Amino acid sequence: KYMELTKFNQSLDKEIGKKLRSRREKLFQSLAEFSDAIGINQAQIQRYEQGIERIPANRLLFFTMKLNVELSYFFEKLTNIHNVAGNTAAPLKILIVEDNAIDKMLLQDALLESKTKYQSYMLQNGNEALDYLRQDIGNNNAPFRLPDIIILDLNLPGIHGYEILKEIQKNMRLKDIPVIILTNSVHYKDLERSYELKASGFITKSLSIKKLKNDIVQLIHYWTSVLARPQNS
């Protein structure tokens, strides 16, 4: 199942990259012009277009605005690729690592509004998260052991979110799990560092409850549209 999921991800990255290049060329934008317009260097764009590197969720949403397309554009006619990983009707397994009680409540509300079939499990500090991901803990009430998506705060009690990202990337069993950073930080260095550590998305917690919930709903829709999940993972 792991090999099937890896092949699916590689195929998906290539197909999305082709669509990115096709749309850019249809708008008669050279690589240099597109690079200037979006503020991303040409080498990075080429890696995306060639499918060498996965486009983070937030960045793909940004591209839709710059290319004047809907998000669905990138996933049209991908049914055959999607089928290689098997049945995706199982509930989305979401691990949430968040210590703020209000933000936990907002996350749950956003998940309900997304109309997504899901199971969620919440942890409140970095130490618990590492123990959980390493499977060092015994019996507990978790509905699953291996999540499909991790929503991670950066500034946690105990171990910082960066350390959790590092641990995930070192572990072959975990490294392909999308990790969405949800943080109060407004510092660009935190966004940059998170993507360096292979986070799949970065959301700054808005002061507007409506906007924050909408941001979460959009990302959940994104991942439920493209994520293939093997059974019994």
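How do the residues of the lining of the second largest pocket divide into nonpolar, polar and charged? They divide into eleven nonpolar, five polar and three charged. Here Ala, Val, Leu, Ile, Met, Phe, Trp, Tyr, Cys and Pro count as nonpolar, Asp, Glu, Lys and Arg as charged, and the others, Gly among them, as polar.

The model is predicted; local features need pLDDT of at least 70, side-chain atom pairs count only at pLDDT 80 or more, and totals for chains, interfaces and linings use all residues. Residues are numbered from 1 along each chain as its sequence is written, and side-chain values use heavy atoms, with hydrogens and water left out.

Pockets were located on a 1 Å grid over the protein atoms alone. A pocket is an open set of points where a 1.4 Å probe fits, with protein on both sides within 12 Å along at least five of seven lines. Lining residues have an atom within 4 Å of a point. Grid points are joined across faces, edges and corners, and a volume is the space filled by probe spheres set on the points.

The largest pocket has a volume of about 820 Å³. It is lined by 31 residues, and Glu-53, Arg-54, Pro-56, Tyr-195 and Lys-198 are the closest to its centre. At least two lining residues come from each of α1 (2-26), α3 (42-49) and α9 (188-196). Helices (H or I, at least four residues) and strands (E, at least two) are DSSP runs, numbered from the N terminus. The lining of the largest pocket comprises eleven nonpolar, nine polar and eleven charged residues.

The second largest pocket holds about 500 Å³ of space. Of its 19 lining residues, Asn-58, Arg-59, Phe-62, Tyr-195 and Phe-202 are the closest to its centre. Two or more lining residues come from each of α4 (57-67), α9, β5 (201-204) and α10 (209-226). The largest share, five residues, is from α4. The charged end of Arg-59 sits over the ring of Tyr-195, 5.8 Å from its centre. For such a contact, NZ of Lys or CZ of Arg must be within 6 Å of the ring centre and within 35 degrees of the ring normal.

Five aromatic pairs occur in the structure. Rings of Phe, Tyr and Trp (its six-membered ring) pair if their centres lie within 6.5 Å; planes under 30 degrees apart are stacked, over 60 edge-to-face and the rest tilted. Tyr-73 and Phe-74 pair edge-to-face, at 5.1 Å centre to centre and 75° between the planes. Both residues are buried (under 20% relative accessible area; exposed is over 50%, partly exposed in between; 1.4 Å probe, protein chains only). Lys-19 lies over the face of Tyr-73, 5.2 Å from the ring centre. Elsewhere, ring pairs link Phe-34, Tyr-48, Phe-62 and Phe-63 into a cluster.

A nonpolar core is a set of buried Ala, Val, Leu, Ile, Met, Phe, Trp, Tyr and Cys residues joined through side-chain atoms within 4.5 Å. The largest has 37 residues, with the most contacts made by Leu-20, Leu-60, Phe-63, Phe-74, Ile-151 and Ile-216. Its largest share, six residues, comes from α10. A second, separate core of 27 residues includes Val-97, Tyr-132, Leu-165 and Ala-199.

Most residues other than glycine have a negative phi. Phe-28 has a positive phi near 60°. Phe-28 lies in the loop between α1 and α2 (31-38) and counts as exposed because its relative accessibility is 74%. Asn-68 has a positive phi of about 55°. Its place is the loop between α4 and α5 (79-83). Asn-68 is exposed, at 65% relative accessibility.
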